Amino acid sequence: MLECTIKMIEVNNLVLYGKNGTIRLKIPELKFHSPGITALVGHNGAGKSSLLKLAAGLEKSSHGSILYDQKDIFIHYEDLKEKIHLLSWGLELYRNLSAKDHLDLFRSICKNWNKDIELELLKDLSIPTHKKVEKMSRGEQVRLRILLSLPRSPKVILIDEVTNDLDTDSRRAIFKKLDSYSFDTGAQVVVATNMIEDIERYASDIILLKKGEVILQSSLDSIKEQHNTSFEEIVRIYERKGSVL
Ligand SMILES: Nc1ncnc2c1ncn2[C@@H]1O[C@H](COP(=O)(O)OP(=O)(O)OP(=O)(O)O)[C@@H](O)[C@H]1O
């Protein structure tokens, strides 16, 4: 029922060139599913970050388009930036401000700030409210980023590997929140990660990239049913085949 009304990110005939005309991404067609968490998987250099940057409107494709609700995301960046949030290490918090300072600031500038979600996250993610960002651990910073994102009711959340070097408890707390947020609101959540444990536990869909091409897109359940082996082994099989599906 929810799925009929969900607006989605869609890729059409996308090509992104790198230096000297090398291909960073070549994706004829791709739709991100929701609700649920989609894991974007692939070796270093496969194109995960490039795809997320394009989906956030921070980079322009060389050919083709990437759309949200039928709108070209790069062209309509200003309209869409409150709907599509990218969490990556490059996009920093203010080092001299605490979580409380950030919250005061974001509440004052964000029109649709949802106070209930803020309070729920403050309780469940145990974020230190008075510590300055420069004194926070990486895990605390990632949790703060989630705290500053979800109350703005994003429709798409893109996470570029920021969860990978967190401890198990922090990752679990974050993935649980993202999963319930996605199912409650229909938002799309796409996480670039190679952490098999997180994918098996939390992802409902997987997109596997190899050298800029999508070699597998599937729901996790159907691919596991089809192969009857561990997810790690399935990734190995497709990486070896390397064919575009
Ligand atoms: N700004 C850029 N300009 C040109 N080429 C780039 C740029 N950023 C990345 N690339 C190249 O694009 C390809 C894909 O890189 P990308 O960072 O998207 O992969 P990734 O799957 O996210 O890798 P990692 O897991 O190492 O972060 C690589 O060959 C990389 O060298």
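Close-up 1. A residue is buried if 20 or more other C-beta atoms, placed from the backbone, lie within 10 Å of its own; strands are DSSP runs of E with at least two residues, helices are runs of H or I with at least four, and both are numbered from the N terminus. The model shown is predicted, so that local features need pLDDT of at least 70 and side-chain atom pairs count only at pLDDT 80 or more, while totals for chains, interfaces and linings use all residues. Residues are numbered from 1 along each chain as its sequence is written.

**Close-up 2. The partners of E9.** Two strands pair if DSSP finds at least two bridges between them. Strand E3 (residues 36–41) pairs with E9 in the parallel sense over five bridges, and Leu40 has Ile207 in E9 as its bridge partner. Strand E10 (residues 213–219) runs antiparallel to E9, joined by six bridges, with Lys210 opposite Glu213. Two residues lie between the strands of this hairpin, where Lys211 takes a positive phi near 45°.

**Close-up 3. An open sheet of four strands.** The order is E2-E1-E4-E5, with antiparallel pairing, and the edge strands E2 (23–31) and E5 (71–72) each pair on one side only. Seven bridges connect E1 (residues 9–17) with E2, and Val11 stands opposite Leu30 in E2.
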